[in-house]
Amino acid sequence: PMTQTLHVQIKSADRSDLEERLEAIDAGKDVNPSEPTLSIENLETFGRVFRSTNLELLEAIVEHEPESIRELARLVDRNPPEVLDNVNELADYGLIELEENGSAKRPVVWYDEIDADLPLTTKSGQGPKANA
């Protein structure tokens, strides 16, 4: 089976996808619009979304395909309410889908790897913007 990759990039909201895409084309990068890309506004948010507890959940979902959040919580040996909070956060960012499964919700991860693009400087070369 083909590997489905989710691309993640840090991108502030003030740049349009089109600008990014045109720049990538100029840079000679292969721009494939069918590849799913998730933009996260800043490094801080990225760190929160991809903290180890969340990555552990993603791994458990991919590996064990649990039928419910409760089963997922059991797999990672954590409290269901906490796991539910994390799952909802991941779902908000489109990292997992929640499918109705009777009275339960089944967490589904539709990709098998995450490719993160983490620039440590801003493209404009001015460094991170201070909060105005």
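**Salt bridges and a nonpolar patch**

Glu67 counts as partly exposed, at 38% relative accessibility. The structure it belongs to is a predicted model. A search of the whole structure finds six salt bridges, and Glu67 takes part in one of them, with Arg106. Side chains of opposite charge can pair when their charged atoms come close.

**The pairs of Arg106**

- The side chains of Glu67 and Arg106 form a salt bridge with an N to O distance of 2.9 Å.
- Glu67 sits in the loop between α3 (52-64) and α4 (69-76), while Arg106 is part of strand β4 (residues 104-108), so this pair ties together parts that are 39 residues apart in sequence.
- Glu99 has 32% relative accessibility, so Glu99 counts as partly exposed.

- Salt bridges that share partners join Arg48, Arg51 and Glu89 into one network.
- Arg48 lies in helix α2 (residues 43-49) and Glu89 lies in helix α5 (residues 80-92), which means that the pair ties together parts that are 41 residues apart in sequence.
- Arg48 counts as partly exposed because its relative accessibility is 41%.
- Glu89 has 14% relative accessibility and therefore counts as buried, since buried means under 20% relative accessible area.

**The nonpolar surface patch**

- Which residues make the nonpolar surface patch of about 320 Å²? The patch is made by Leu43, Leu118 and Leu120.
- Leu118 is found in the segment after β5 (113-117).
- Is Leu118 buried or partly exposed? Its relative accessibility is 38%, so Leu118 counts as partly exposed.

Methods:
Residues are numbered from 1 along each chain as its sequence is written. This is a predicted model: local features need pLDDT of at least 70, side-chain atom pairs count only at pLDDT 80 or more; totals for chains, interfaces and linings use all residues. Side-chain values use heavy atoms; hydrogens and water are left out. Patches are made of residues with over 30% relative accessible area and no salt bridge: like charges are joined within 9 Å, nonpolar side chains (Val, Leu, Ile, Met, Phe, Trp, Tyr) within 5 Å. Accessible areas come from the Shrake-Rupley method with a 1.4 Å probe; for residues, only the protein chains shown count as cover. A salt bridge is a side-chain nitrogen of Lys or Arg within 4 Å of a carboxyl oxygen of Asp or Glu. Helices (H or I, at least four residues) and strands (E, at least two) are DSSP runs, numbered from the N terminus. Buried means under 20% relative accessible area, exposed over 50%, partly exposed in between (1.4 Å probe, protein chains only).
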